[in-house]
Amino acid sequence: MQMYESIGHNMKEIRKNRMADIYSVKYIVGIINSYLPEGREISEGLYYKWENEERTPTVMQITAIAKAFNMSETRLIHWHTYKAVSYTHLRAHETRGNL
């Protein structure tokens, strides 16, 4: 299995898996905008373009996104590296390796 990492893909996964029950895109965009300078605010449409990998956020926007998700920029960019895995999942890999 190839691990696919892009900021947009990671943002979508984080939002859907960690925040879907709590935050709407509109709410997340509001948080991101609170970290951006006046006149540099984003729209929900741009946020969806990031998630769909039609656009890439700037460095300033990545910093604001990470703050909105309450994580470091590194963790946002390398989400799959930090993603928690269950004990059962680890045991399955160990068993498969011993066959």
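User: Of the contacts between residues at least 6 apart in sequence, what share joins residues at least 24 apart?
Analyst: That share is 59%. Keep in mind that this is a predicted model.

User: Okay. How many helices and strands are there?
Analyst: Seven helices and zero strands. Reading from the N terminus, the order is α-α-α-α-α-α-α.

User: And how much of the protein is buried?
Analyst: Buried residues account for 33% of the 99 residues. The exposed surface comes to about 6,900 Å², with carbon and sulfur atoms supplying 50% of it.

User: Let's go inside. Which residues touch the most other members of the largest nonpolar core?
Analyst: Met11, Ile32, Ile42, Tyr47, Phe69 and Leu76, out of 22 residues in that core. The elements giving two or more residues to this core are α1 (7-19), α2, α3 (44-51) and α4. As background, nonpolar side chains in soluble globular proteins tend to be buried together.

User: Pick isoleucine 32. What does it touch, leaving out residues up to four places away in sequence?
Analyst: Isoleucine 32 touches Ile42, Tyr47, Ala64, Ile65 and Ala68.

User: Switching to charges. How many salt bridges does the structure hold?
Analyst: One. The side chains of glutamate 51 and arginine 15 meet at 2.7 Å, N to O. Glutamate 51 sits in helix α3 and arginine 15 in helix α1, so the pair links distant parts of the chain, 36 residues apart.

User: Are those two buried or exposed?
Analyst: Both glutamate 51 and arginine 15 are buried.

User: Now asparagine 33, where's that?
Analyst: Asparagine 33 is in helix α2, residues 25-35.

User: Why does asparagine 33 count as buried?
Analyst: Because its relative accessibility is 17%, and the cut-off for buried is under 20%. Setting aside neighbours within four places in sequence, asparagine 33 contacts Glu41 and Ile42.

User: Where does glutamate 41 lie?
Analyst: Glutamate 41 lies in the loop between α2 and α3. With a relative accessible area of 43%, glutamate 41 is partly exposed. Beyond neighbours within four places, glutamate 41 is in contact with Asn33 and Leu36.

User: What about polar atoms on the side chain of glutamate 41?
Analyst: One of them is 3.0 Å from the backbone nitrogen of glycine 39. There's another glycine to mention: the C-alpha atoms of glutamate 41 and glycine 30 are separated by 8.8 Å, and the two residues are eleven apart along the chain.

User: Last topic, backbone angles. What is the phi of glutamate 53?
Analyst: Positive, about 60°, although glutamate 53 is not a glycine. Glutamate 53 is in the loop between α3 and α4, and with a relative accessible area of 37% it is partly exposed.

User: And asparagine 70, what's its phi?
Analyst: Phi of asparagine 70 is near 60°, again a positive value in a residue other than glycine.

User: Is asparagine 70 buried or exposed?
Analyst: Exposed, because its relative accessibility is 69% and exposed means over 50%.

Technical notes
Residues are numbered from 1 along each chain as its sequence is written. This is a predicted model: local features need pLDDT of at least 70, side-chain atom pairs count only at pLDDT 80 or more; totals for chains, interfaces and linings use all residues. Side-chain values use heavy atoms; hydrogens and water are left out. Helices (H or I, at least four residues) and strands (E, at least two) are DSSP runs, numbered from the N terminus. Buried means under 20% relative accessible area, exposed over 50%, partly exposed in between (1.4 Å probe, protein chains only). Contact means heavy atoms within 4.5 Å. A nonpolar core is a set of buried Ala, Val, Leu, Ile, Met, Phe, Trp, Tyr and Cys residues joined through side-chain atoms within 4.5 Å. A salt bridge is a side-chain nitrogen of Lys or Arg within 4 Å of a carboxyl oxygen of Asp or Glu. A polar contact is a pair of N or O atoms within 3.5 Å; within protein, one must be able to donate a hydrogen and the other to accept it, and residues adjacent in sequence count only if both atoms are side-chain atoms. Accessible areas come from the Shrake-Rupley method with a 1.4 Å probe; for residues, only the protein chains shown count as cover.
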